[in-house]
Amino acid sequence: MKKSNFVAMILGTIGGILFALGMCMALIPEWDAFQPGIVMGTIGAVVLLVMVLVWRKMENKNPIRLSGKTIGTVLLGIAGALFLGVGMCMVMVWTNLVPGVVIGLLGIVLLLCLIPLTRGLK
């Protein structure tokens, strides 16, 4: 395993755990930790962003160029993840089964749209 992949794996694991724990803290009412959960989730997201930058630097890749397509792709990914997450919360936390499943499926479809957008169709 290359050192860059190992560092990315460690940072990705730490960032993912912090992000997931923060979201659990924010969304589980019994924990009563909404604000600390938002802070923890934000720290996890920042660690994940740093992981991408560190990995690209270690691999000697060019910095990410911001273009309309890049910004649109990121926004589509964020929207898909949010729709999927809200649908899951509606099903598991708020007991709204049918609307939660529909919104979650919409999130999955939005995330699947990322594949042809980023890789193209051949």
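Me: Among contacts in the chain between residues at least 6 apart in sequence, what percentage join residues at least 24 apart?
Reply: Happy to start there. This is a predicted model, in which local features need pLDDT of at least 70, side-chain atom pairs count only at pLDDT 80 or more, and totals for chains, interfaces and linings use all residues. Residues are numbered from 1 along each chain as its sequence is written, and side-chain values use heavy atoms, leaving out hydrogens and water. With contact meaning heavy atoms within 4.5 Å, the share of those contacts that join residues at least 24 apart is 51%.

Me: Which pattern does the chain follow when read along the sequence?
Reply: Helices (H or I, at least four residues) and strands (E, at least two) are taken as DSSP runs, numbered from the N terminus. The chain has 5 helices and 0 strands. Read along the sequence, the pattern is α-α-α-α-α.

Me: How much of the accessible surface of the chain belongs to carbon and sulfur atoms?
Reply: Let's take burial and surface together. Of the 122 residues, 19% count as buried, where buried means under 20% relative accessible area, exposed over 50% and partly exposed in between (1.4 Å probe, protein chains only). The accessible surface, from the Shrake-Rupley method with a 1.4 Å probe, with only the protein chains shown counting as cover for residues, comes to about 8800 Å². The carbon and sulfur share of that surface is 75%.

Me: Are α1 and α2 roughly parallel or roughly antiparallel to each other?
Reply: Axes are lines fitted to C-alpha atoms, for helices over the stretch in contact, and angles run from 0 to 180 degrees between N-to-C directions. Helix α1 (residues 3-27) packs with helix α2 (residues 34-58) at an angle of about 165°, their axes 7 Å apart. Angles under 35 degrees count as roughly parallel, over 145 as roughly antiparallel, 65 to 115 as roughly perpendicular and the rest as oblique. The two helices are therefore roughly antiparallel.

Me: How do the residues of the contact of α3 with α4 divide into nonpolar, polar and charged?
Reply: The axes of α3 and α4 come within 7 Å and cross at roughly 160°, which makes α3 roughly antiparallel to α4. Residues of this contact include Phe83, Leu84 and Met90 of α3 and Ile103, Leu106 and Leu110 of α4. Ala, Val, Leu, Ile, Met, Phe, Trp, Tyr, Cys and Pro count as nonpolar, Asp, Glu, Lys and Arg as charged, and the others, Gly among them, as polar. The division is 16 nonpolar, 6 polar and no charged.

Me: Which residues does Cys89 touch, not counting residues up to four places away in sequence?
Reply: Cys89 is found in helix α3 (residues 68-92) and is buried, with a relative accessible area of 11%. Cys89 and Leu27 are 62 residues apart in sequence and 7.9 Å apart in space, C-alpha to C-alpha. The residues that Cys89 touches, with that exclusion, are Leu27 and Trp94.

Me: Is Asp32 buried or exposed?
Reply: Asp32 sits in the loop between α1 and α2. Its phi is positive, about 50°, although Asp32 is not a glycine. With a relative accessible area of 71%, Asp32 is exposed.

Me: What is the phi of Thr95?
Reply: Thr95 lies in the loop between α3 and α4 (97-112). At 65% relative accessibility, Thr95 counts as exposed. Although Thr95 is not a glycine, its phi is positive, at about 50°.
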